[in-house]
Amino acid sequence: MASHAEFGEATPASEVAKVFEDQIRGKTILITGVSPRGIGAATTVAFASQSPELLIIASRTKSKVDEVVDPIRAEYPGIRVEFVALDLGSQKSIRAAAAEVAKLTDRLDILVNNAGIVVTTRQATPEGIEQQFGTNHIGPFLFTNLLLPLLRNAAKTNPPGATRVVSLSSAGHRLSPIRFSDYNFEKEEVPPEEDHFKPLPGAFANTTPDGYNGIVAYAHSKTANILFTLYLQKYLPKSGIAAYVIHPGTIETDLSRNQDDELTAQFYKVAKFWKTADQGASTTLVAAVDPALNGVPRLPRPASLLICADTVFVHSDIKGLYLSDCQIAEPFPHASDPTAADRLWKLSEELVGEDFDLEA
């Protein structure tokens, strides 16, 4: 469990950073997907407040990153902040970005896979992969694997488990398991075990004329984030690296503001508490630096599911995989299945054209 039970949905990341200043000071930290008023910006500011050695911001648009880091450089002139151009929807860009990072540093203490997109119309990456699956999962999958040598270097001198990979998922993962037979969302029907939750509430059920449901595709990619982390937990602890995945909460950012009015109204119906960006970044900080999470997580055995009326109770042995509101929480069963994690890893390797042997 996390070390501060008093942390919760309203805790700001700035407060978490102060509590864990010793775990941030002198570290090399990389954050993806940083733009003004977003979770990535709040995460960056929180880390910067506690004197890291180097902050690397890997993002698409330098002008947006500059809006975030220029005030940081002014307030904390002793901190080195570097920008690396990264488009997680392009494997060519990802490989170039990883090479640039390796020129900046030979170690990486903390990697925060923060970037993510939501689209409601059918789009594809240059490699022909459905845009949300390609950007939200395949992109971080490739980027993380290419940066593993730097993470392993850091782990040689850090306490076991203090070197971290943190990925952002969403509670929306509950809506869809992995569609192994149709990850590009091209078929009208898939096997029942791959189908999304039904019936979808309100505007979440809306599809485009060609049958594409962007919310289901988003949920699909968020399940992938959790299964990716589950696979990392299977192999990285022996190198001294811990991996966690988090649900930041419902946050009013540019990402949420850019959705259509009907969809935004649906989010307001299902979200109990809307966070600020600073509050939304707090769980990322806990997952990245809380020393109570240094221990090697226990892998799950298959979860059992008990359904009683409208309430779903999940029973499993999973510990320390998924965090929400700054505390350990339970992902949905389809996102904590080790067999699905293995299958997704193999599929991801096929889609990037490279095998990554974490046992090596």
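**Exercise 1. The second largest pocket**

Work out how the residues of the lining of the second largest pocket divide by type.

*Solution.* Step one: the lining divides into 6 nonpolar, 4 polar and 9 charged residues. Here Ala, Val, Leu, Ile, Met, Phe, Trp, Tyr, Cys and Pro count as nonpolar, Asp, Glu, Lys and Arg as charged, and the others, Gly among them, as polar. Step two: 19 residues line this pocket, and R179, K187, E188, H196 and G211 lie nearest its centre. On a 1 Å grid over the protein atoms alone, a pocket is an open set of points where a 1.4 Å probe fits, with protein on both sides within 12 Å along at least five of seven lines; lining residues have an atom within 4 Å of a point. Step three: the volume is about 340 Å³. That is the space filled by probe spheres set on the points, with grid points joined across faces, edges and corners.

The model is predicted: local features need pLDDT of at least 70, side-chain atom pairs count only at pLDDT 80 or more, and totals for chains, interfaces and linings use all residues. Residues are numbered from 1 along each chain as its sequence is written, and side-chain values use heavy atoms, leaving out hydrogens and water.

**Exercise 2. The whole chain**

State how many helices and strands the protein has, and what share of its residues is buried.

*Solution.* Count the elements: there are 12 helices and 12 strands. These are DSSP runs numbered from the N terminus, helices being H or I with at least four residues and strands E with at least two. Next, burial: 56% of the 360 residues count as buried. Buried means under 20% relative accessible area, with a 1.4 Å probe and protein chains only. Last, contacts, meaning heavy atoms within 4.5 Å. Of those between residues at least 6 apart in sequence, 77% join residues at least 24 apart.

**Exercise 3. L323 and I246**

Show how L323 and I246 are placed relative to each other.

*Solution.* L323 lies in strand β11 (residues 322-324). I246 lies in strand β6. They are 77 residues apart along the chain, yet their C-alpha atoms are separated by 4.6 Å. L323 is buried, with a relative accessible area of 0%. I246 is buried too, at 0%. Beyond four places in sequence, L323 touches I246, T283 and A287, among others.

**Exercise 4. S93 and H173**

Decide whether S93 is buried or exposed, then do the task for H173.

*Solution.* S93 sits in helix α5 (residues 91-104). It counts as buried because its relative accessibility is 19%. Its side chain reaches the backbone nitrogen of D87 at 2.8 Å. H173 lies in the loop between β5 (163-168) and α7. H173 is buried, at 1%. Its contacts beyond four places in sequence include A219, Y322 and H334.

Methods: Buried means under 20% relative accessible area, exposed over 50%, partly exposed in between (1.4 Å probe, protein chains only). A polar contact is a pair of N or O atoms within 3.5 Å; within protein, one must be able to donate a hydrogen and the other to accept it, and residues adjacent in sequence count only if both atoms are side-chain atoms.
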